[in-house]
Amino acid sequence: MMLDNLLNVLFPASHDTQVEKEGILYGTARYGQGKTAAVVGLVNRTPLGVEGALSLASHVLEVIRHSPGRPIAVLIDAQSQRMRRRDEMLGLNEYLAHLTKCFVLAGQLGHRTVGILFGSAAAGAFIATGLVQDMLAAVPGGEPVVMDLPSIARVTKLPQDRLEALSKETPVFAPGLAHATPIGAVAEIWNDGDLATKLAMALDGLPGAPDRRDEIGAERKGRLKAAAVAKRVAQEATALADGERQRMPCTDR
Amino acid sequence: MKNALAKYRKWSWYEATARERIAALLDSGSFTEFIGPEKREISPHLVLFDLPEAFDDGIIVGRGMVQSRQVLLAAQEGRFMGGTFGEVHGAKLVGLLRYARDDQDAPRVVLLLLDTGGVRLQEANVGELAVSEIIRAVLEARMAGVTVIAMIGGRAGCFGGGGIIAGCCSRIVISEQGRTSVSGPEVIETNMGVEEFDSRDRPLVWRTTGGKTRRLLGGADAYAEDSIDSFRDAAFSLLDRIPAFELDTVEKEHARLAQRLEKFGQCHDAPEIWKAMGIAEPDGIADLSDEVFNQIAQAQKEANHDAR
C-alpha cells in the first residue's frame, strides 16, 4: 500500500503528516472517537542511518515531552540499517540503540506504541522501528526480512532450492510475513475489513505492555522453545536462591 | 586449582573461551550455571542444516561472585557458530534478564560477556526476535534498578544485533581487540562494494570498529587491557557511576549523539575525528600502549559521560 493511501485508510477522519529527509515521517492524526495519535515512521524504503535514527528519535522525544499519554503509531517501509563505513565509524549501534530506548521509554511513560509494517523492513532497522513496539501489525505489502535467501545460501553454503524447500517446513529463517507471524514477531495481520477500527483498538491498548511474544510464538507453534527456556532460567535461578535461604541458620527466632 | 586460575587471569580475554573467562572472572567455585550443558538444551534448528549443535547452544548463563559480590552473568562462546543469537541461545539470556528484572532479591548487576557476529542466519527470524526481546528485557531490568554491563573483547567481536544490545546496556567495557558495529566490514563490502569498505584493510577495520575508536568517541565507557583481570577491574570501576534508564538520561544521550554528528559527521576516517577532538598525535593512537591510551581517553570530554 502507498503511504498516502495507507494514511487515508488508517485515519479516515484526518491526518496531518509530513516526510522529511532520510524518509522520516511525523505528524498527528485523529482516530476512534475524536482522539489524537502521534504518527511517526520510516518510509519510502529508506535505509536507517545515523541521521535518520536521530531524527526519528527526536520526534518520539517530542511526543513524550509535550503530549503526555498520546499513543504513537509507527509506520514502517524501510530497508535495513544503512551500510556505510562512515555510519559505523560514528557509532550507528549507539544511534539505533538510542532510538529503541526512546520507543521503550515512551511505552513505560504511558504512550502506547503500535508499529504498522506496510512495506519492507530488515535487520537493524526492523529491530529499532518495528520489533521494539508494544505491538506490531502488518497490512498488505508488509514484508519483514532478516536476510534474503540468496545471502543465506551464501553464508550457509546450501543451495537456494534446498533452502526454499526447507523454508516450507519451518518459519525460523526465511523472509516474509508468513514466517514472522507464527513465531510471534508480528502480532496481527490486518488484511481486510475496517483497518481504522483495528488500529484504534490497538492504539487504545496497554502502554508498555509485557513482552509476550515468546508465549505467542509457542501458542502459534512457530517458536516452540523460547518461552519455556526463558522461564526455566528464572526457575533455576529462583530455586538456587531459595535453597540457599533454607540452608541459612535462623537468627531472628 | 588456585594456580590454574591464576594462569587464566593473566590470560588474554581475546584468546580465552567463554568458560575460561567465567572461571577467571569469578571467585573460585562461586559459579552456578542455569540450564547447563548437562541438560542438553540444544538448538532444534541446526539439524535441518546438517550442522553440529552445542549442548549449551553457545551461551552460558548463571550466577556467581566477583570479589565477594553477587552477579548474574551471561557469556557467549564466539567459537560456536560465531556466538550468534539463535532461539535457545537468545532465550537463555532473555530468561536471565527477566529474572533480574522481576526478583528484587536477585543480584543487581548483570555482566554480559558479548562475543557475537549477530543473528544466527540459520535461525534468522527467531534470532532477530530474540535480540529484540533481549533489548526490551535489558531496558526493563535497568528501569527496575539493575545494572547491565557489556564486556566486548572476544574473537567474534560484537556485531549486528549484539551491537545494538550493547548500546542499550548501562555501561560498556571494551579492549583494543574488541570490535563493535551493526553491519560488519565483510557485510558492508559484500553489499556496497570494496570501495565503500575494504574488509581486508585491517588497520582501517580496527580504526573504524575497534575498541580505541569506540572508547574515544564515548561508544564505550571503560578501556581494558586484553586480560581477564583488566576486564574485571574496568567493569567494577564503573559501578559507582551508573546512569539510570529514564527520560533525563535518554535526553542527555540524544544531545550527546546530536553533538557527535554535528562535530564529526563530515569526517571520513577516525584520525580526522581524533584531530577534531584536539588529540595531539591522532595518527599515533593505534600504536599507543594501553596505559598511555587510557590516560588520553580519560581526559576526553566525549569519552566520559553519563548519557547512556
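**Entry 1: the sheet of chain A**

Two strands count as paired if DSSP finds at least two bridges between them. With that rule in hand, I opened this predicted model and looked up strand 2 (residues 24-31) of chain A, which is joined to strand 3 (residues 35-48) of chain A by eight bridges. These two strands run antiparallel. I noted one residue pair across them: Tyr26(A) stands opposite Val40(A) in strand 3 of chain A.

I then followed the hairpin that strand 2 and strand 3 of chain A form, which has three residues between the strands. In this hairpin, Gly32(A) has a positive phi near 55 degrees.

Within it, I recorded Ala73(A) in strand 4 of chain A as the bridge partner of Val39(A).

I turned to helix 2 (residues 50-66) of chain A, which makes a right-handed β-α-β unit with strand 3 and strand 4 of chain A.

**Entry 2: Ala122(A)**

I selected Ala122(A), which lies in strand 6 (residues 120-122) of chain A. Is Ala122(A) buried or exposed? A residue is buried if 20 or more other C-beta atoms lie within 10 Å of its own. Ala122(A) has 22 other C-beta atoms within 10 Å, and therefore it is buried.

Leaving aside neighbours within four places in sequence, I listed the contacts of Ala122(A) as Gln79(A), Ser80(A), Val145(A) and Val146(A). I also checked Pro144(A), 22 residues from Ala122(A) along the chain: their C-alpha atoms are separated by 6.1 Å.

I recorded twelve helices and seven strands for chain B. The C-alpha trace of chain B spans about 55 × 45 × 45 Å along its principal axes. A compact globule of 308 residues would have a radius of gyration near 19 Å, and chain B agrees because its value is 19 Å. Of the 308 residues in chain B, 57% are buried.

I looked next at the largest nonpolar core, which has 165 residues. Val110(B), Leu112(B), Val138(B), Met151(B) and Val173(B) touch the most other members. Helix 4 (residues 124-143) of chain B gives the largest share of this core, eleven residues. Beyond its neighbours within four places in sequence, Val138(B) is in contact with residues that include Leu97(B), Val148(B) and Ile165(B).

**Entry 3: where the chains meet**

How many residues of chain B are in contact with chain A? I recorded 72 residues of chain B in contact with 67 residues of chain A. Helix 4 of chain B gives the most to the side of chain B that touches chain A, with 13 residues.

Terms used
Residues are numbered from 1 along each chain as its sequence is written. Chains are lettered from A and ligands numbered from 1 in the order in which they are written. This is a predicted model: local features need pLDDT of at least 70, side-chain atom pairs count only at pLDDT 80 or more; totals for chains, interfaces and linings use all residues. Helices (H or I, at least four residues) and strands (E, at least two) are DSSP runs, numbered from the N terminus. A crossover is right-handed if, with the strands pointing away from the viewer, the path from the first strand over the helix to the second runs clockwise. A nonpolar core is a set of buried Ala, Val, Leu, Ile, Met, Phe, Trp, Tyr and Cys residues joined through C-beta atoms within 7 Å. A residue is buried if 20 or more other C-beta atoms lie within 10 Å of its own, exposed if 12 or fewer, and partly exposed in between; C-beta atoms are placed from the backbone. Two residues are in contact if their C-beta atoms, placed from the backbone, lie within 7 Å. The radius of gyration is taken over C-alpha atoms; the globule rule is 2.2 Å times the number of residues to the power 0.38.
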